[in-house]
Amino acid sequence: MDDAAAMAAALEQARQALAGPDVPVGAVVLDASGSVIAGGHNEREAGGDPTAHAEILALRRAAAVTRSWRLDGCTLVVTLEPCTMCAGALVLARVARLVFGAWDPKAGAVGSLWDVVRDRRLNHRPEVCGGVLEPECAALLAAFFAGRR
């Protein structure tokens, strides 16, 4: 699966969050062959859980599928640049590659505000590809917030 197709799957996850009160961020995890093995969307409001970001839920589900916390060879695809918590989690999970859509200048930890995943002091640094289907990812978020102002 190419990056655009994987991001389309993450966008579909994000749209599922629109059914509830959560910010529409979606994520999928691809195995080494490029197949989707897990997905998730924000559920912080729905579940009252501050850690229920799309990335965290997708990583947890992928770990359950693989029966390992080490997600070697996997790719995390997410519609919004990860925050510090999610960036740290994907580094600790040994995710090989991160693909994201929209940049997050307020909380992004993959180049916008911080750059956690490329910090040379860490023992693992994934490959990063940002801006995939950025207009579509940003538009979904803009529409969500416009409806709440």
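**Close-up 1. Aromatic pairs in the predicted model.** The count comes to two aromatic pairs, where rings of Phe, Tyr and Trp (its six-membered ring) pair if their centres lie within 6.5 Å, with planes under 30 degrees apart counted as stacked, over 60 as edge-to-face and the rest as tilted. Phenylalanine 100 and tryptophan 103 form an edge-to-face pair, at 4.7 Å centre to centre and 85° between the planes. Phenylalanine 100 is buried, with a relative accessible area of 0%, whereas tryptophan 103 is partly exposed at 38%; buried means under 20% relative accessible area, exposed over 50%, and partly exposed in between, for a 1.4 Å probe and protein chains only. Phenylalanine 144 and phenylalanine 145 also form an edge-to-face pair, at 5.0 Å centre to centre and 80° between the planes. Phenylalanine 144 is buried at 6% relative accessibility, and phenylalanine 145 is partly exposed at 34%. This is a predicted model, in which local features need pLDDT of at least 70 and side-chain atom pairs count only at pLDDT 80 or more, while totals for chains, interfaces and linings use all residues. Residues are numbered from 1 along each chain as its sequence is written, and side-chain values use heavy atoms, with hydrogens and water left out.

**Close-up 2. Salt bridges around arginine 97.** A search of the whole structure finds six salt bridges, each being a side-chain nitrogen of Lys or Arg within 4 Å of a carboxyl oxygen of Asp or Glu. Aspartate 3 forms a salt bridge with arginine 97, and their closest N and O atoms are 2.8 Å apart. This pair links distant parts of the chain, 94 residues apart, with aspartate 3 in helix H1 (residues 3–17) and arginine 97 in strand S4 (residues 97–102). Helices (H or I, at least four residues) and strands (E, at least two) are DSSP runs, numbered from the N terminus. Aspartate 3 is partly exposed, with a relative accessible area of 21%. Arginine 97 also forms a salt bridge with glutamate 127, the closest N and O atoms being 3.1 Å apart. Here glutamate 127 lies in strand S5 (residues 127–129), 30 residues from arginine 97 in strand S4. Glutamate 127 is partly exposed, with a relative accessible area of 47%.

**Close-up 3. The salt bridge of arginine 121 and aspartate 119.** The closest N and O atoms of this pair are 2.5 Å apart. Arginine 121 counts as exposed, at 75% relative accessibility.

**Close-up 4. The hairpin of strands S1 and S2.** Strand S1 (residues 26–30) and S2 run antiparallel and are joined by five bridges; two strands pair if DSSP finds at least two bridges between them. Alanine 27 stands opposite glycine 40 in S2. Five residues lie between the strands of the hairpin, in which glycine 34 takes a positive phi near 95°. Strand S2 (residues 36–41) is mostly covered, with five of its six residues buried.

**Close-up 5. The lining of the largest pocket.** Of the 20 residues that line the largest pocket, Val23, Val25, Leu80, Asp104 and Ala107 are the closest to its centre. On a 1 Å grid over the protein atoms alone, a pocket is an open set of points where a 1.4 Å probe fits, with protein on both sides within 12 Å along at least five of seven lines, and lining residues have an atom within 4 Å of a point. Helix H5 (residues 134–146) gives the largest share of the lining, three residues.
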